[in-house]
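Trainee: I would like to go through this structure and ask what stands behind each term.
Mentor: Go ahead.

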Amino acid sequence: MPIINFRKLNFLAESGKGDLVGIDFSSNTLKVAQAKGPLNKRKIVNLLSRDITGLPDLEISKVIRECCNKLGVKDAHIINTVPAHLILTKNIEIPSIEHSVIKKIIDLQAPRHTPFSREEIICDYIDICTYKNTYTKILLVIVARNVIKRQFEILEKAGLKLGSVLLAPEGLARSCYKTLKVETEISPVGIIHVDENFTDFAIVFKEKVLFIRNIPIGARSLLNEREKFEMKFIEEIKRSLEAYQAEDIESYPKTLILTGAMEELKEIEALLNNNLHLPAR
């Protein structure tokens, strides 16, 4: 099984000059993105999606293989993402600034935040900042080992070798400036990513994810039962902002960015602007 690394999105350097192919099959929709070009100049050239609702893992492997054949994928670096609803995160302070010491401490502390044993989880962290020259503020990230094992096995049966496993909100954080044209160097920015069945709320500062909260309301609920879920959605965003503020991680965000399934949910922007004291776009 490949090493799961949430701290650095260094797959660009690892993957050399070949294609990059991102694959996500964590929901009812398989998503495949293909990027081509030389290092640091790669561009997304193809996007595919397929409905995989109710399919067994072997059939999902076949659909992935069909998509890759259609795109002409051969020696690409394969990236698989872990969405926020499959992970557990916790903002904590570690009494050390040494990476080796931090790793030992989180290895001991991680099982306290989950019902799983240490052998059943993979844990890593995002280094947020040094505090008082002796403490490190981190975002602890925990994922069940069987989640990663399943992803690895499905891709292996599709004839693909998994190169990197990445935290989806961190990918958004790194894409803020280049893709979304959002500056995160001066002050934190809130990202609200609406997917099919879930919404990821993340606070990003200097291209780092400081805080993550998953909301169990997605595009399907907002479209099919709008009256029931719209105000619940707003309340969950408020709770997310309050939870971030209570952690005293960094300053309060000055703007909210909506991403994901926004084409048919354009009224959400106005709803947020009318109910929150933050500009949303």
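Mentor: Start with a cut-off: a residue is called buried when its relative accessible area is under 20%. In this predicted model, buried residues make up 46% of the 281 residues in the chain.

Trainee: Why is I203 called buried?
Mentor: The cut-off is under 20%. I203 has a relative accessible area of 0%, so I203 is buried.

Trainee: Where is I203 found, and what is it in contact with?
Mentor: I203 belongs to strand β10, residues 199-205. Contact means heavy atoms within 4.5 Å. Leaving aside neighbours within four places in sequence, the residues that I203 is in contact with include P188, V189, G190, Y244 and P253. E235 is 32 residues apart from I203 along the chain, and their C-alpha atoms are separated by 17 Å.

Trainee: What makes a set of residues a nonpolar core?
Mentor: The residues are buried, belong to a list of nonpolar types such as Ile and Leu, and are joined through side-chain atoms within 4.5 Å. The largest such core here has 73 residues, and I23 and I64 have the most contacts inside it. Not counting residues up to four places away in sequence, I23 touches I64, and also L30, V32, C68 and L155, among others.

Trainee: Which residues does the second core include?
Mentor: I92, I105, I138 and L140 are among its 12 residues, and this core is separate.

Trainee: How do you know that the chain is as compact as a globular protein of its length?
Mentor: First, its secondary structure comes to eight helices and 12 strands. The globule rule gives 19 Å for 281 residues and the radius of gyration is 19 Å, so the chain is as compact as a globular protein of that length. Along the principal axes, the C-alpha atoms fill a box of roughly 50 × 50 × 40 Å.

Trainee: How much of the contact in the chain links residues 24 or more positions apart?
Mentor: Such pairs account for 61% of the contacts with a separation of 6 or more.

Trainee: How much space lies in the largest pocket, and what lines it?
Mentor: About 1,700 Å³ of space lies in the largest pocket. It is lined by 48 residues, and A33, I44, G171, L172 and S175 are the closest to its centre. Helix α5, residues 168-175, gives the most to the lining, with six residues.

Trainee: How many of the lining residues are nonpolar, polar and charged?
Mentor: By class, the lining has 22 nonpolar, 15 polar and 11 charged residues. Gly counts as polar.

Technical notes: Residues are numbered from 1 along each chain as its sequence is written. This is a predicted model: local features need pLDDT of at least 70, side-chain atom pairs count only at pLDDT 80 or more; totals for chains, interfaces and linings use all residues. Side-chain values use heavy atoms; hydrogens and water are left out. Helices (H or I, at least four residues) and strands (E, at least two) are DSSP runs, numbered from the N terminus. Buried means under 20% relative accessible area, exposed over 50%, partly exposed in between (1.4 Å probe, protein chains only). On a 1 Å grid over the protein atoms alone, a cavity is a set of points where a 1.4 Å probe fits but cannot get out, and a pocket is an open set with protein on both sides within 12 Å along at least five of seven lines; lining residues have an atom within 4 Å of a point. Grid points are joined across faces, edges and corners, and a volume is the space filled by probe spheres set on the points. The radius of gyration is taken over C-alpha atoms; the globule rule is 2.2 Å times the number of residues to the power 0.38.
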